[in-house]
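Hi everyone, thanks for having me.

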Amino acid sequence: MTVALGGDYRPSTERILRAVASGFRAEGFQILHCGLIPTPALMAYAMSRNFPSAMVTGSHIPDDRNGIKFNLPWGEVLKSDEVEILAHYDTLGSEASTLDDLSGALPPAIVDAAEYYRQRYFRFFPPASLQGLRVVLYQHSSVAREDLKRLLEELGADVIPVGWSDRFVPVDTEAVEDLPQLAGWVRDHRAEALVSADGDGDRPLVVDERGRQLRGDVLGILVARYLEAESVAAPVSCNTALEKSGWFAHIRRTRIGSPYVIEAMMKAVEEGRRPVVGYEANGGFLTGTDVFHPTGGGKLPSLPTRDAALPILSVLAM
């Protein structure tokens, strides 16, 4: 079997990627190196080929920490999967293989995964969907910065890149610390919005034309409305405007965490509801079913993991 690997821009990412690749090779896997790309881009590509995947990222936390997100061929590891994983781990004991060399070279990175991710949105949104919009793109060290720039530009927006950094910047979309600076960029460039994403590109950041952050749980409601969702799943921590809006036929509240949101979406799909979406307070948006563009664009294949690009593009198009 083949496993797809990707990572973010942290200094430790390449070393950990080599270690992860060595571990998979020891278990008989073939390695498909997808390079430094957003977590949702890696997952979308791997799922389209029925591959498991592993993303080396610490998301929005400081750069002296890092981690690994493991994903199954059909999506994120869920709470129900953890029981079997832990049971298997307990049986390994001293039989677990020992790796003598964690410094093996990674195969050359392919460009297909990043391109597949971008094409998702070029096929979904009508051409020139963002024509006439002036958008500031806060690049910092997000692994999504190049993808977002291309998406915004090719959909017609006038993009002003700012804040590029070769040092990792931990941007937490739920606790933005530099909002005055972001608002200043919007004002200085006379833009309609500023957009960005966290380190691994699964949480969006949107600042409006007045310099106010559009909170993730409000952003999620607007995007679900734009996509004409029938069923919406969201954690109990999210804004109750979801219910008060009266826009959605079916709502499920969940515990906090994407595995719970995904499980709620899966139940809605089993009940025959369409379209099914979900979101979290950090702004990450998930789709449990394929979605058809409401004004005659294309089809967006389901992606049951947090994504930053869809909510950013949707609210701008809206």
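Let's start with a cavity. Helix H4 (112–124), strand S13 (285–287) and strand S16 (303–307) each supply at least two residues to the lining of the largest cavity. Helices (H or I, at least four residues) and strands (E, at least two) are DSSP runs, numbered from the N terminus. A cavity is a set of points on a 1 Å grid over the protein atoms alone where a 1.4 Å probe fits but cannot get out, and lining residues have an atom within 4 Å of a point.

Before going on, a word on the model: it is predicted, so local features need pLDDT of at least 70 and side-chain atom pairs count only at pLDDT 80 or more, while totals for chains, interfaces and linings use all residues. Residues are numbered from 1 along each chain as its sequence is written, and side-chain values use heavy atoms, with hydrogens and water left out.

How many cavities of 30 Å³ or more does a search of the whole structure find? It finds one. The largest cavity holds about 30 Å³ of space, a volume being the space filled by probe spheres set on the points, with grid points joined across faces, edges and corners. S13 gives the most to its lining, with three residues. Among the lining residues are Arg120, Tyr121, Phe285 and Asp307. By class, the lining has six nonpolar, one polar and two charged residues. Here Ala, Val, Leu, Ile, Met, Phe, Trp, Tyr, Cys and Pro count as nonpolar, Asp, Glu, Lys and Arg as charged, and the others, Gly among them, as polar.

Next, a sheet. Four strands make an open sheet in the order S7-S6-S8-S9, with mixed pairing; two strands pair if DSSP finds at least two bridges between them. At the edges are strand S7 (158–162) and strand S9 (204–207), each pairing on one side only. Strand S6 (residues 134–138) and S7 run parallel and are joined by five bridges. Look for Val136, which stands opposite Ile160 in S7.

Last stop: His60, in the loop between strand S3 (53–56) and strand S4 (68–72). Is His60 buried or exposed? His60 counts as buried because its relative accessibility is 19%; buried means under 20% relative accessible area, exposed over 50%, and partly exposed in between (1.4 Å probe, protein chains only). The side chains of His60 and Arg203 are joined by a polar contact of 3.4 Å. A polar contact is a pair of N or O atoms within 3.5 Å; within protein, one must be able to donate a hydrogen and the other to accept it, and residues adjacent in sequence count only if both atoms are side-chain atoms.

Terms used. On a 1 Å grid over the protein atoms alone, a cavity is a set of points where a 1.4 Å probe fits but cannot get out, and a pocket is an open set with protein on both sides within 12 Å along at least five of seven lines; lining residues have an atom within 4 Å of a point.
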